[in-house]
Amino acid sequence: MTPPRRRLGLTVTAAIVVANMIGAGVFTSTGLQAAGMHDPLTILVCWVVGGVIALCGATCYAELGSMLPRAGGEYVYLREAYHPAVGFMSGVASLTAGFSAPIAAAGITFAAYLGKIFPSLDGHAKIIAVVLILAITALHMFDSKVGGRIQAGLTIGKVVLIFGFIVVGILSGNGDWSNLKSAHGGLSNVGTGSFAISLMYVGYAYLGWNSAAYIANEVEKPERTIPRALLLGTLVVMALYVLLNMVFLYAVPVDTLASNGGKGPIMEVGDAAARVLFGHRAGSIVSSVIALALVSSVSAMIMAGPRVYAAMATDRALPSLLAHHNKNGVPMNAVVIQGVLAIAFVMIGDLAWLLQFVGFTLSIFAALAVSSVFILRRRGLTSRYKTWGYPLTPAVFIAMSAWVTYNGIKQSPRNALIGALVLGAAAGAYYVFMRNREPLPDESLPEGMSTGPVLKIPLAEVVDRD
């Protein structure tokens, strides 16, 4: 087995964070928020609050990633802080709700936008999504450095084009600023159950702020690069999201986004706004830009996810074949398995269900991972990076996640039940098949460093010996 090498710098790592975040959520969920709250200012406040929550999580993950610079994300943190079974359950959640389902959602959204550009393709969304997933999976199967460079290029292009859409839309678009006037109760919606559900959709759009943690063992100088990449990427995306939604609401009245003439919430919000702002022909060009952004999102998730499964397989929490890395350090088998699962989600799911399933499931494990900062600090683990505003920052993140999860259960008990069944099955599988298995030697770690639940080696020694 060829271990992964530390080849990714700040630019590529931050690009992976940004690309993982800017995906299907921001181009689809505003219509669902409009249907729940019917007030443009409350929607914008929701995007700001969601960004602050993501920043709180990112600063905690930055400390965890600096403290435990290994691939795996929540799987590593929860295994070390709680128990290997909890880590295993979070790994299964990452495999299903963390990456495979969002890849499917981004693929379906890409197909929907492509259908707006080329009407002859409308009605073939699932086929288009599958072809996209197959192509990007093949791209990332062989060399992480080449894939990383392509990813950086796609992300830079995506950010520049989205920023251009914002600037041109505000300066010369055919919108109406009166669309942003408060209505239907105004900011009194803040703090309601509808606001919490909207935060779940917003939280889905912000997913990816933790993605640098998943590739920690391929990042150069992780104790410095991971915190910077997490915070830089999250701040950039937060600014883009708030401005982008302001342009959406400037273009299309909130009641139109909510109902679309009785047909239900508009899901292709970006396409609808572009056609109002720039006309039909120019709107097709903007929709092409959005489709490119979704390709970049799929690419970033396909690159990051398999590192989690490879880390689990190294601990014998998954079949050992998933721990295999090719000569360029890519967990090729894990990349393939993820692609198969993403295609399965495309075939059996629809976009609204995927958004709810992912938002509910991942909010639970993100809160547990953030709480690991308290536990690991108490056990004496240290890092060169410290969480800003500790202990208030992790406490705010945990409290908001609990509130959103509670309201998610109230709104959709079915999705909560599905999530609970998946995690229950994962727990059962761990205790039947995994708990007595010895971990494989992890060749991505320095010699002598443990992969088990006790990890006391100082970070400075890890960095010096790597």
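The model is predicted: local features need pLDDT of at least 70, side-chain atom pairs count only at pLDDT 80 or more, and totals for chains, interfaces and linings use all residues. Residues are numbered from 1 along each chain as its sequence is written, and side-chain values use heavy atoms, with hydrogens and water left out. The protein chain has 16 helices and zero strands. Helices (H or I, at least four residues) and strands (E, at least two) are DSSP runs, numbered from the N terminus.

**Whole chain**

- Of the 466 residues in the protein chain, 59% are buried. Buried means under 20% relative accessible area, exposed over 50%, and partly exposed in between (1.4 Å probe, protein chains only).
- The accessible surface is about 17,100 Å², and carbon and sulfur atoms account for 67% of that surface. Areas come from the Shrake-Rupley method with a 1.4 Å probe; for residues, only the protein chains shown count as cover.
- Take the contacts between residues at least 6 apart in sequence: 83% join residues at least 24 apart. Contact means heavy atoms within 4.5 Å.

**Helix 5**

- Helix 5 runs over residues 84–117 and holds 34 residues. At 1.5 Å a residue it should span 50 Å, and its end C-alpha atoms are 48 Å apart, which agrees. The expected span is 1.5 Å times one less than the number of residues.
- Helix 5 bends by about 40° at S94. The bend is the angle between axes fitted to the seven residues ending at a residue and the seven starting there.

**Backbone features in loops**

- H38 is not a glycine, yet has a positive phi of about 55°. H38 sits in the loop between helix 2 (24–37) and helix 3 (40–67). Its relative accessibility is 28%, so H38 counts as partly exposed.
- Y390 and P391 are joined by a cis peptide bond, with omega about 5°. P391 lies in the loop between helix 13 (351–378) and helix 14 (392–411).

**N407**

- N407 belongs to helix 14. N407 is buried because its relative accessible area is 8%.
- A polar atom of the N407 side chain lies 2.9 Å from the backbone oxygen of W403.
- Beyond its neighbours within four places in sequence, N407 is in contact with G193, A196 and I197.

Definitions and conventions: A polar contact is a pair of N or O atoms within 3.5 Å; within protein, one must be able to donate a hydrogen and the other to accept it, and residues adjacent in sequence count only if both atoms are side-chain atoms.
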